[in-house]
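Open the structure in your viewer and keep the selection tool handy.

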Amino acid sequence: MKEHFAFEEIQDYLSCSLLYYLKYRAKMESLSWAPLTTADLPGEAVAQALGVFATGQHPEMSFRELVRAVWATWMKQKRIGADTVTMLLGYEALRGQIMSEFLSGKIKKKGGKHYVEPRLSSRYRQMIEHAGLLAAAEQIEAHMLEPFGVSPAELELIGPYRMADAYADSLLMADRYPLPEREEVIAANTDVVAKSGAGIEITVRAKLLLQGGSGTTAVVHLDEPVFYFDATWAGRNLEAIALSLHDGQAHGVGDVSQVVVRHLMSGQAVARRQLRTSRLSLSLLHAARGIQADLYLPQFLSGDFTRCRKCPAAIVCLDQKEDPIEAAYPGTLSWSERVVLASEKAGMSGDPALRDLVQALAETAVSTQDLARFMSGRDDAA
Ligand code: SF4
């Protein structure tokens with residue numbers, strides 16, 4: 001029985017258990033599962049720069065310079081032209097000036113309050129447009145999106161999220177990142193194993209694993225490139241819950257005693273100490289047990305289609321057919337049903353091996369046509 005899980009599997013199962021089935025059991029490769037988007041790049045650049053920081057190489061470089069070096073490496077690998085790189089640097093410098101007027105409070109809202117998300121204000125948009133940055137972002141996009149192989153992201157309320165903004169935001173995140181003392185760092189951007197009880201192990205990535213006065217600390221990043229941060233998210237973060245279950249043995253340290261959830265755009269952080277004993281930590285175990293027991297429930301049965309509309313499997317689940325597996329693999333259901341009917345006639349319906357066979361056939365999407373091809377091939381060979 002499967003006892004070791006990747007964190008992403010648990011996350012996908014909790015998001016929708018049918019999604020788990022289609023992605024990991026039926027392995028529907030024709031669907032585009034969680035493609036990397038432009039919005040993933042700032043967090044990834046920061047995480048990779050932390051990895052370099054932890055090695056102790058380039059102690060002379062600031063964190064901003066390390067993040068820039070990550071981008072420079074990516075752009076070299078993707079063969080981005082020098083003109084585009086120059087345009088990107090110019091974009092970041094000019095956008096940084098405009099953004100800092102809002103973030104520093106030089107430009108305030110009408111009532112005198114600070115802007116939390118300047119990109120929602122018409123003033124910011126006008127300034128960006130007048131500075132020619134909208135056109136520049138389009139040009140940079142045309143030269144970078146395809147070589148990077150990422151999909152364009154759309155941020156809620158804000159709109160399209162360009163490569164140029166991904167670059168600029170990653171540097172802003174670097175400026176707001178309080179680096180630990182190097183000697184506190186046990187590991188950075190590294191996979192650790194969370195032990196969820198009953199022999200269940202979950203591999204999850206720690207952005208930082210630190211050792212200091214408060215014992216072993218794991219750091220989680222909230223890296224969606226938006227400024228708004230709600231501190232209550234920290235206690236509901238599944239990654240943080242998983243990291244709290246790491247026993248530190250592989251690194252020769254003790255149990256994780258606290259998890260710091262760091263929101264990269266706002267620079268805010270929340271430390272959580274009770275997650276290991278929180279009842280929420282049982283959700284990991286329950287999800288793993290659901291997978292082990294083949295429990296799959298489509299999210300659409302709740303009647304709320306919000307998640308389904310954004311899901312890569314929507315084309316399967318929101319199809320006209322009642323059974324999503326049948327929509328994905330036409331013919332599978334009737335083939336499975338016929339096996340069941342035949343087995344009942346033969347008095348074998350209670351046979352567990354037969355149940356396993358029906359399930360395995362459904363999962364490998366063997367259709368009646370496949371079976372016919374197989375039988376005719378066998379007859380020919382005979
Ligand atoms: S479309 Fe909805 S029900 Fe289907 S896998 Fe996605 S979230 Fe689940």
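Helices (H or I, at least four residues) and strands (E, at least two) are DSSP runs, numbered from the N terminus. This is a predicted model: local features need pLDDT of at least 70, side-chain atom pairs count only at pLDDT 80 or more, and totals for chains, interfaces and linings use all residues. Residues are numbered from 1 along each chain as its sequence is written.

**Two packed helices**

Next, select helix H5 (residues 82-103) and helix H8 (residues 163-175), which pack at an angle of about 60° with their axes 9 Å apart. Axes are lines fitted to C-alpha atoms, for helices over the stretch in contact, and angles run from 0 to 180 degrees between N-to-C directions. Show the side chains at the contact: Leu 88, Tyr 91, Glu 92, Arg 95 and Gly 96 of H5, with Ala 164, Tyr 167, Ala 168 and Leu 171 of H8. Here, contact means C-beta atoms, placed from the backbone, within 7 Å.

**A hairpin**

Finally, select strands E7 (residues 256-263) and E8 (residues 269-272), which run antiparallel and are joined by four bridges. Strands pair if DSSP finds at least two bridges between them. Click Arg 262 to find its bridge partner in E8, Ala 269. Five residues lie between the strands of this hairpin, and Gly 267 in the turn has a positive phi of about 80°.

Methods: Two residues are in contact if their C-beta atoms, placed from the backbone, lie within 7 Å.
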